[in-house]
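I opened my notebook to write down what I looked up in this structure, one topic at a time.

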Amino acid sequence: MIQVKHVTITHKKDYKVILEDFSLVLNDGDKAVLIGEEGNGKSTLLKWICQPEWIADYCEASGERVLQNQRIGYLPQELPPADCGKSIYEYFLEEPLFLEQDAKELNQMAAKFSLAPDFFYRDQRMETLSGGEKVKAQLLRLLLSAPDLLLLDEPSNDIDLETMEWLETFLLDWERIVFYISHDETLIRHTANIVIHLEQIRKKTQCRCTIARMPYEQYLKERSGQFGNQARMAANERREKKLREEKYQRIYQSVDHAQAVITRQNPSKARLLKKKMHAVKSMERRFAREDAVMTQMPEEERAIFFKIGGDGSKIPSGKTVIDYGLEKLCTPDGETTLASNISLCIRGPQKVCIIGTNGAGKTTLLHQVAEELLARTDIHAAYMPQNYEELLDPAMTPVDFLDQTGDQKIRTQIRTWLGALKFTADETEHTVSQLSGGQKAKLFLLKLSLSGADVLLLDEPTRNFSPLSGPVIRQMLKNFEGAIISISHDRNYISEVCDKVYRLTEHGLIEEPHVRESVPLV
């Protein structure tokens, strides 16, 4: 069991309260998912539960966590910088139980993660692994530590579809406590039995936390029903209030007028009117008391919305976007051949997704395709990398990233657009290094929208968006009238947005049958 008692967490920079008087009890068998919009403090809460001092640099926290000597297995959202320069073998050696495993057990673990048997012993530096391979390595070392409690920050990020299927089965079979953050709606629907929803409402001035001990689909249904009922009740009460106020005004004006015109020669009627006005005032006070407890319109943290592309983003159906051929695809250092005989032809506003096992070379291929398309003058391409820091300066503010002109009017307009993406005024002045992964993803999508590009190259475009924003992002990309070349392991994105799916293998790109949202691709 784990208990969290009366936790309040406040940002030091802008004094925003991201969690207030939060309490939670989890028991063995609980699979609790933590959801919420980008920047709402999900990762901060998970870090505090693991080690409160981890957030001391940027947050103040009060409250209590009660653990019963559990061995915590924590998966961070990103590979810690201190581990980047280590070899894979050095990384695993830091887990004392690693050397106690025999070769057969390690081979079985590697196979479950679609990795080669020698993966644990390689001299390859951790920072050179693909995004999915980094997640797999961290998960493997975490499981080798024999934890009792799993705290997982985006365990599904970047891992291939085959491993995603294994992860779902693993979480369902895990008999202890799992507390995890995920933006993968399918994973959440298949595994979570408790939903913890962090929200920032009233223009991000007030935090709200909902704990629902039920599956995700049921939570969404009940939340929608409760909000709908509350909205209808509030609307009915407001209609009744309007009719009541109109009636009150007629009575008040009638009595007030009668008092104004009555003569001194009729004192008995004057006393009667005075009593009547007293009753009218009493009625006003009673109405004010009723208004104070009137049902409020439901406060909901809504998903973001904006349009990607404009009139200039449409591509004619017959236009060749790319007719690409590559004899060999090698790792960036040129030492290893990843695939050969690659051929990719896209015409018109097609939306293509490239899938494949982690380390197959998908990001390397997309980067090479991006270099070719970004240099073209007959199309206007824009690129969103998997690693945002490729194009983001961590010392920049969001406004600086989106504007290179320095024009005050343009910068004011950019702040307005950022506000539409749920950035507060303070957050628009934060440095990029202080933003969450989802907020960085928002910056890239806004940059794409402002660019007027007719070809988008997207490496895991939906990976950092909340389950509530995910459907909105997918609809925006689906409605984009240009071409999209993407990499994704998001089953919802693949099924809802993409026209064609190609698997990258060592023998090139192979077209796959279309993928249904609920069925993992194996």
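Predicted model: local features only at pLDDT ≥ 70, side-chain atom pairs only at ≥ 80, totals over all residues.

**Entry 1: the cores**

A nonpolar core here is a set of buried Ala, Val, Leu, Ile, Met, Phe, Trp, Tyr and Cys residues joined through side-chain atoms within 4.5 Å, and buried means under 20% relative accessible area, exposed over 50%, and partly exposed in between, with a 1.4 Å probe and protein chains only.

Residues are numbered from 1 along each chain as its sequence is written, and side-chain values use heavy atoms, with hydrogens and water left out.

Then I listed the partners of Y180, where contact means heavy atoms within 4.5 Å. Leaving aside its neighbours within four places in sequence, Y180 is in contact with A32, V33, L34, L152, L187, I188, T191 and A192.

**Entry 2: helix α5**

Helices are DSSP runs of H or I with at least four residues, and strands are runs of E with at least two, both numbered from the N terminus. By this count the protein comes to 15 helices and 17 strands.

Is α5 mostly covered or mostly uncovered? I found it mostly covered, since 13 of its 14 residues are buried. Just after α5, A146 takes a positive phi of about 55°.

**Entry 3: a sheet of six strands**

I traced an open sheet with the strand order β13-β14-β15-β12-β16-β17 and mixed pairing; two strands pair if DSSP finds at least two bridges between them. β13 (381-384) and β17 (508-512) stand at the edges with a single partner strand each, so one side of each is left without a neighbour in the sheet. From one strand to the next, the twist averages 20°, an angle between N-to-C directions, running from 0 to 180 degrees, of axes fitted as lines to C-alpha atoms.

Looking at one pair in detail, I saw that β16 (residues 500-505) and β17 run in the antiparallel sense over five bridges. In this pair, Y502 stands opposite E511 in β17.

**Entry 4: salt bridges**

The structure holds 26 salt bridges, each being a side-chain nitrogen of Lys or Arg within 4 Å of a carboxyl oxygen of Asp or Glu.

Which residue forms a salt bridge with E168? The partner is R491, with the closest N and O atoms 2.7 Å apart. E168 lies in helix α6 (residues 161-173) and R491 in helix α15 (residues 491-497), so the pair ties together parts that are 323 residues apart in sequence. E168 counts as buried at 7% relative accessibility, and R491 is buried too, with a relative accessible area of 1%.

I next looked up E185 and R474, whose side chains meet in a salt bridge (2.5 Å, N to O). This pair links distant parts of the chain, 289 residues apart, with E185 in helix α7 (residues 185-191) and R474 in helix α14 (residues 470-479). Both E185 and R474 are buried.

My last pair was K319 and D378, whose side chains meet at 3.2 Å, N to O. K319 counts as partly exposed at 24% relative accessibility, and D378 is partly exposed with a relative accessible area of 41%.

**Entry 5: the whole protein**

To finish, I noted that the C-alpha trace spans about 110 × 60 × 45 Å along its principal axes, and that buried residues make up 49% of the 522 residues.
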